[in-house]
Amino acid sequence: MSFARSLQVLRALPPRQVARTASLIQRRYLSDQARKLIDDAVTANPLVVFMKGTPEQPQCGFSRAVCQILDVQGVPREKLKSFNCLEDQALREGIKEYSDWPTIPQVYVKGEFVGGCDIVLSMHQSGELEKLLVKEGLVPELPPLEEDK
């Protein structure tokens, strides 16, 4: 079938069917092996960040911001496992499909996807991130301030 004929066929399909087909085609990028490797990484480590660069040397501002937020929250580096998506193109694309989230960095706590930089920043500002990190045993609970007593 020619490219022009393929376009005619696609245009004749209902938009939902085209979107579903496109979604299925996109999902083919993540192999079962890659999915298992990511699953193993996020379940075996209490806190995982898929980022550009490393916590010691982030390669983008959003990755840097996530690392700074985790530092401010008091997360010990030994509890943080990071993966540099710039070193592995398959991981860089695969993690986006795995989480169904289009951007990097991506943060996982105890196997659950938390979000990217914008979500982590919002949770930090609202106090939700601290509550989550304390609940999951990643940071100790801070004592109340004198003025709160």
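Is F83 buried, partly exposed or exposed, and at what relative accessibility? F83 is partly exposed, at 23% relative accessibility (buried is under 20% relative accessible area, exposed over 50%, partly exposed in between, with a 1.4 Å probe and protein chains only).

The model is predicted, with local features needing pLDDT of at least 70 and side-chain atom pairs pLDDT 80 or more, while totals for chains, interfaces and linings use all residues. Residues are numbered from 1 along each chain as its sequence is written, and side-chain values use heavy atoms, without hydrogens and water.

View 1. Strand β3 covers residues 106–109 (strands are DSSP runs of E, at least two residues, numbered from the N terminus). Q106 and Y108 point one way, V107 and V109 the other, and all are buried. β3 pairs with β1 (residues 47–51) in the antiparallel sense over four bridges (pairing needs at least two DSSP bridges). V48 stands opposite Y108.

**View 2. The β3–β4 hairpin.** Two residues separate β3 and β4 in this hairpin, and K110 in the turn has a positive phi of about 50 degrees. V107 has G115 in β4 as its bridge partner.

**View 3. Aromatic pairs.** Five aromatic pairs are counted (rings of Phe, Tyr and Trp, the last by its six-membered ring, with centres within 6.5 Å; planes under 30 degrees apart are stacked, over 60 edge-to-face, the rest tilted). F50 and F83 are stacked, 5.1 Å centre to centre with 15 degrees between the planes. F50 lies in β1 and F83 in β2, 33 residues apart. Y108 and F113 form a tilted pair, at 5.2 Å and 50 degrees.
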